[in-house]
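Open your viewer and keep the selection panel handy. We will go from one stop to the next, and at each one I will say what to pick and what you will find.

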Amino acid sequence: MTAVVSQGRSRSRFRIGKRALPYVLSLPALLVCIGILIPFLTAAWYSLHRYRLSQPWGYKFIWFDNYLAFFSDPKFWNTLRVSLVYAGTTVVLELLLGLAIALLLQKRTTLNNFISIMLLMPLMTAPALAALMWKLMTNPGFGILSYFAGLIGLEDFRWASSPSTALLTVVLVDIWVYTPFIMILLLAGLRSLPTQPFEAAALDGVPRTFVFFRITLPMLTPYILTATLFRLLDSIQQFDIIYAMTQGGPGDTLTVFQVEAYLNFFQSTNVGRSAALMIILWAITYFLSNIFIKNWLRLRERARGEA
Amino acid sequence: MEHTSVLERVLRGAALTLVVIFFMFPLFWIFLMSFQTNETILRIPPSLVFTPTLENYQALITGKLQTAAGSLDIAFMRNLWNSVFLSVTSVAVSLLLGVPAAYAFARHKFRGSEDIAFTLLSFRFAPPLLVLLPLTIYFQQLGLANTYFGLIWVYQLICLPLILWIVRGYFEDIPADIEYAYRIGGHSWFATFRKIALPLAGPGIAAAGLLAFIFAWNNFVFALVLASADKQPVTVGALAFVTASGIQYGQIAAAIVLSITPTLALALYAQRYLVEGLSLGAVKG
């Protein structure tokens, strides 16, 4: 009898308390988080300093001077403008194109399913490698796209190496990689819509433009919002495609936030300015991600509810 | 839908054809290029007729590039191995850390649980360089610069949020009653987790792992900042290779094909789960 009791007690000593269990399970993941939070705080701290790796003796706390300097810095306004133009253009074009393709593939036929799977391939290509592929295709000497441009009368079309077309070229690569992302989310959304409203509308002979704008689009809105915000968050921080394609050039045509911060850090070794740029980008993405998470959660709840 | 006119069907067909051409042509063209010599690549006008050669792949695999100027060493296979090693290990670590946490978040509503889960999610959206630039300085001091350990740790930023949020959804889909019944039978929480929850969420965990692998493989900026040539994965290595080899276009194309084939193959294999993974569990395919 006593043996049984003592055995039970010795086992319970090693048992994790019921209330502590969830903490124990999530602790390792949490520790990894904390390891990441430290560099984040460091970046915020650096952004308040004059800090150049090449001039360590000049290290000095200067409050918000790095940020205040941005107001009169044309390079900063260029970075902000290019980032916003890039994000705006890619997201709008990808949304329109992605929605159009999703509508084309809406019916569940073997061919449509096959095409939708094929279209995932650009999305699964590493963006940096996708940029390299397009670089080979737009090479002025032998690139197939340069050849096509010549055929339609665009002699000497220089794609990413000319300041006037560099933005167009990287936007094109971004569209190639990420349109399938929006397409596949909207396709999943379209196919999960209830069929009754559409059957009723077809029975009543409602015009199809009316059905699209008054039934399909409103019902699809949560999916469109989530997909758009998702892309906007990624696109405003685009680095891979632009860096692999042009390294921000020619000149400063494509120095979006992350590229500019990278060049500031490694080329001009201006840590303070680089950190301040990243904090501003973080503030933008924090604002956007709060809106995103609200929409994303609503969608997630809906998906769980159906399951 | 039954009364679609002929004109509409023709237009739809034409639109779909254009879409397929736009998205497939670059892959197709680079694939062809990888089997050509520089002479056929540089032909004007470009042509689809050529005798395929394996010499580009041969040069990459043997690591010796024969040029007119002599023999050049290429470390591409090393990059490929780095990609495999970094991605596999990162995903394994992420699964070890993430699956128990996902289970805790799904089953136990504890104080701060949602805050922690959302903090992890927000890492997915923070600009990577914000963390990476100070990390380069820390890594120098800690001796983690250019180590696999340091890289795998940073790769958790990509893998962990993904795994946590997808697997959490799968645990939430398991009715809690099944687990209660098993526990009433006198089994510990760990036995319940191992015998009931893990097998039922198994397909979801596998899918999350595959997707995390794809995203880790495709990452570029982490290794660009934190790794030197001998630890770089293919994404960074291919870019360096372009600068080093200059005009060996056939080999560059072959290197791209070898670098993207694993993720494309995995994506086709796991395509049923892609929608869910890409939306971090918010949309089901």
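In which helix is the place of L93(A)? Select helix α4 of chain A, residues 74-104, and you will find L93(A) in it. Keep in mind throughout that this is a predicted model.

**Stop 1: L93(A)**

**Stop 2: where the chains meet**

Next, show both chains and select their contact. Chain A puts in 71 residues and chain B 80. On the side of chain A that touches chain B, helix α2 (residues 21-46) of chain A gives the most, with 16 residues.

**Stop 3: the largest nonpolar core**

Now for the largest nonpolar core, which has 173 residues. Pick out L132(A), M278(A), L162(B), V167(B) and I256(B), the members that touch the most others. Helix α7 of chain B, residues 148-173, supplies the largest share of this core, 16 residues.

Zoom in on I256(B). Which residues does I256(B) contact, leaving aside its neighbours within four places in sequence? From chain A there are L129(A), L132(A) and M133(A), and from chain B there are I30(B) and A238(B).

**Stop 4: α4(B) against α7(B)**

The crossing of α4(B) past α7(B) is right-handed. In their contact you can count 22 nonpolar, five polar and three charged residues.

**Stop 5: α9(B) against α12(B)**

Finally, select helix α9 (residues 189-218) and helix α12 (residues 249-269), both of chain B. Here the axes come within 10 Å and cross at roughly 155°; the pair is therefore roughly antiparallel. This time α9(B) passes α12(B) in a left-handed crossing.

To see the meeting place, show the side chains of L210(B), F213(B), I214(B), W217(B) and N218(B) in α9(B), together with P262(B), T263(B), L266(B) and A267(B) in α12(B). By class, this contact has seven nonpolar residues, two polar and no charged ones.

Key. Residues are numbered from 1 along each chain as its sequence is written. Chains are lettered from A and ligands numbered from 1 in the order in which they are written. This is a predicted model: local features need pLDDT of at least 70, side-chain atom pairs count only at pLDDT 80 or more; totals for chains, interfaces and linings use all residues. A nonpolar core is a set of buried Ala, Val, Leu, Ile, Met, Phe, Trp, Tyr and Cys residues joined through C-beta atoms within 7 Å. A residue is buried if 20 or more other C-beta atoms lie within 10 Å of its own, exposed if 12 or fewer, and partly exposed in between; C-beta atoms are placed from the backbone. Helices (H or I, at least four residues) and strands (E, at least two) are DSSP runs, numbered from the N terminus. Two residues are in contact if their C-beta atoms, placed from the backbone, lie within 7 Å. Axes are lines fitted to C-alpha atoms, for helices over the stretch in contact, and angles run from 0 to 180 degrees between N-to-C directions. Angles under 35 degrees count as roughly parallel, over 145 as roughly antiparallel, 65 to 115 as roughly perpendicular and the rest as oblique. A crossing is left-handed if the near helix is turned anticlockwise from the far one by less than a right angle, and right-handed if clockwise. Ala, Val, Leu, Ile, Met, Phe, Trp, Tyr, Cys and Pro count as nonpolar, Asp, Glu, Lys and Arg as charged, and the others, Gly among them, as polar.
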